[in-house]
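Colleague: I'm new to this one and would like to learn how to read it. Could you take me through some features, one at a time?

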Amino acid sequence: MPNLSPYADPQYFVLLVVTLLPAMVGLYYGKRLRWYETLWTAAFLLLTFGGVKWHQGVMLVGYVVYQLALVLGYDRYRKHHNQTAVFISLVVLSALPLALVKLSPAVHLPKLALLGFLGISYLTFKTVQVIMELRDGTIKQVSPFLFLRFMLFFPTITSGPIDRYRRFQQDDVAVPARADYLTLVNQGIIRIFQGFVYKFIIGYVFGTLMLPHVAHHVLANRGAFFGTGLSWSLVAYMYVYSLYLFFDFAGYSLFAVGVSNLMGVKTPMNFNAPFKSQNIKDFWNRWHMSLSFWFRDFVFMRFTFFVMKHRLVKNRIRVSQLAYLVNFLIMGFWHGVTWYYIVYGLFHATAIIINDIWLRFKKRHGTQLPHNRWTQALAVCITFNVVCFSFLIFSGELNTLWFTH
């Protein structure tokens, strides 16, 4: 059986769109063909996780059944009880498979990695979100069939964006009016073509043509600057990698959103011109937004509430700073249990705390500080370089330069 790599080549999109035509015709006439979308999803999951990747397919099925049991069990429990210990236990159990996969390299147990499959992180975020919102009461009841559609929604299963259950439910239940659907299809087509430009043209230039050559020069200059390897080649690598990372990932996200639009689903956008950000907080409101907002809502806000409720820290400013530290440290560990991912998280926590201090200073002394297009341009330039340096850390190239021989 052939294996398909999501959004890997133009032929994939031809197959995707052609097989989606019946569902699109149904939406045009005001009907959502759930039975067809279900068969279509099953077929593409089989083509993606079958064949030589059959092990990932088995893990995916087992994982989804496991998470469905946790969610439905907690849904039933929550109708009559609300013990914090039970809630925490369910969150831990839901996140446990992902945690074991991420920890496998650090604890030298490669067999734990066999629990993983492409997209396990995004599915974990979805499940934990549902459990937390059941706890809050913002989700009153979970439909097993809708939960499975939400989890296995194919356009986003491997690369995000991370949707929310209630938002997805609105699109799934209500079929858009014909004019609205045609507008959505038009937006979807534009996003898919924009994704082609980002990933297959600009991303190809930075990632395939430029990055290997720059990386070669970085390693060729290991002895530069008193043996630290700091060179102009490393600076070039920092910028090339940052641009490649954006255009490649943004391209994937545009594909996922565009195909979702063809299916009548308004999957949230993941990027909003992040390199135009005027500070690091603004950057995280523009970069990988579904992940950033997920961490804001389900880590930062909840940690802040917990600390303030139990009066662990009295100063509100210190509470937010501590919450930033916890938020980005967890985000770093989520990427992987290696020093450069953890340092990446700590770097962004430090940057956003410094930015927070600066914004409060500006608020107190706003009349004494210049504010014009030149200061705005300087802010964008500083933010861009800070972000690019963080991506150099994230890339692992420093690990290769300093610790790999």
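Colleague: Let's start with Arg149: is it buried or exposed?

Modeller: Bear in mind that this is a predicted model. Buried means under 20% relative accessible area, and Arg149 has 12%, so it counts as buried.

Colleague: Which residue forms a salt bridge with Arg149?

Modeller: That's Asp172, and the closest N and O atoms of the two are 2.6 Å apart. The pair links distant parts of the chain, since Arg149 sits in helix α6 and Asp172 in helix α7, 23 residues apart. Asp172 is buried too, because its relative accessibility is 6%. Both belong to a salt-bridge network that also takes in Arg32, Arg34 and Glu37.

Colleague: How many salt bridges does the structure hold?

Modeller: There are 15. One of them joins Asp163 to Arg167, with 2.7 Å between the closest N and O atoms. Here Asp163 is buried at 3%, while Arg167 is partly exposed at 21%. Another pairs Asp282 with Arg286 at 3.2 Å, and Arg286 is buried, with a relative accessible area of 19%.

Colleague: Next, backbone angles. What should I look for?

Modeller: Look for exceptions: most residues other than glycine have a negative phi, and most peptide bonds are trans. Ala273 has a positive phi near 45 degrees, and it lies in the loop between α10 and α11. His288 has a positive phi as well, near 40 degrees, in the loop between α11 and α12.

Colleague: How many residues of α5 are buried?

Modeller: 16 of the 17, so the rest of the structure largely encloses this helix.

Colleague: What about the nonpolar core?

Modeller: The general idea is that in soluble globular proteins, nonpolar side chains tend to be buried together. In this model the largest nonpolar core has 107 residues, and Leu60, Val130, Trp287 and Phe391 touch the most other members. Helix α10 (232-262) gives the most to this core, 15 residues.

Colleague: Which residues is Trp287 in contact with?

Modeller: Setting aside neighbours within four places in sequence, its contacts include Leu245, Phe246, Phe271, Pro274, Phe275 and Phe391. Asn270 and Ser292 are on that list as well.

Colleague: Last one: which residues form the nonpolar patch on the surface?

Modeller: Phe225, Phe226, Leu230, Trp339, Val343, Trp402 and Phe403, with about 780 Å² of accessible area together. Helices α9, α14 and α16 each supply at least two of the patch residues. Take Phe403, in helix α16: its relative accessible area is 54%, so it counts as exposed.

Note on methods: Residues numbered from 1 in each chain as written. Predicted model: local features only at pLDDT ≥ 70, side-chain atom pairs only at ≥ 80, totals over all residues. Heavy atoms only, no water. Patch = residues over 30% accessible without salt bridge, like charges linked within 9 Å, V, L, I, M, F, W, Y side chains within 5 Å. Areas by Shrake-Rupley, 256 points an atom, 1.4 Å probe, with all protein chains shown as cover. Salt bridge = Lys/Arg side-chain N within 4 Å of Asp/Glu carboxyl O. Helix = DSSP H or I, 4+ residues; strand = E, 2+ residues; numbered from the N terminus. Buried < 20%, exposed > 50% of the residue type's maximum accessible area, 1.4 Å probe, protein only. Core = buried A, V, L, I, M, F, W, Y, C linked by side-chain atoms within 4.5 Å. Contact = heavy atoms within 4.5 Å.
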